[in-house]
Amino acid sequence: MTEARSVQELRLGLYATPAQAEEIKRKVEHLLCPDPEHAPPCPVPWSAMLLGLSTQEAEEAYPELLEQARVESPLD
């Protein structure tokens, strides 16, 4: 029996500059579709986007990530 398809969401929290996040997004897109010049459609349809979070939203969604960033950040 074939499993029914539905929309699945994969979230990736990053503590990065906008430029770093864009570069990582580009790399993930390349993993999802290594040949962007192929004729459509992709065998597995997908999309990717970047969302900037407010500090409060980030604290709620990724508290461990922000704590890790605080611990690993060099002292100013």
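These are my notebook entries on a predicted model.

**Ground rules.** I number residues from 1 along each chain as its sequence is written, and local features need pLDDT of at least 70, side-chain atom pairs count only at pLDDT 80 or more, while totals for chains, interfaces and linings use all residues. My side-chain values use heavy atoms, with hydrogens and water left out.

**Salt bridges.** I searched the whole structure and got seven salt bridges (a side-chain nitrogen of Lys or Arg within 4 Å of a carboxyl oxygen of Asp or Glu). One of them joins Arg11 and Glu9 at 3.0 Å, N to O. I looked up exposure too (buried is under 20% relative accessible area, exposed over 50%, partly exposed in between, with a 1.4 Å probe and protein chains only). Arg11 is exposed at 60%, and Glu9 is exposed at 64%.

Next I went to helix H1, residues 18-32 (helices are DSSP runs of H or I, at least four residues, numbered from the N terminus). Here Glu23 and Arg26 pair up at 2.7 Å, N to O. They sit three residues apart in H1, so about one helical turn separates them. Glu23 is partly exposed at 32%, and Arg26 is partly exposed at 44%.

**The largest pocket.** How big is the volume of the largest pocket? I get about 1600 Å³ (a pocket is an open set of points on a 1 Å grid over the protein atoms alone, where a 1.4 Å probe fits, with protein on both sides within 12 Å along at least five of seven lines; lining residues have an atom within 4 Å of a point; the volume is the space filled by probe spheres set on the points, which are joined across faces, edges and corners). It has 35 lining residues, and the closest to its centre are Leu10, Arg11, Leu12, Ala48 and Met49. H1 gives the most to this lining, with seven residues. The lining divides into 25 nonpolar, six polar and four charged residues (Ala, Val, Leu, Ile, Met, Phe, Trp, Tyr, Cys and Pro are nonpolar, Asp, Glu, Lys and Arg charged, the others, Gly among them, polar).

**A cis bond.** Which form does the peptide bond from Pro40 to Pro41 take, cis or trans? I found it cis, with omega near 0°. Most peptide bonds are trans. Pro41 lies in the loop between H1 and helix H2 (55-61).

Technical notes. Helices (H or I, at least four residues) and strands (E, at least two) are DSSP runs, numbered from the N terminus.
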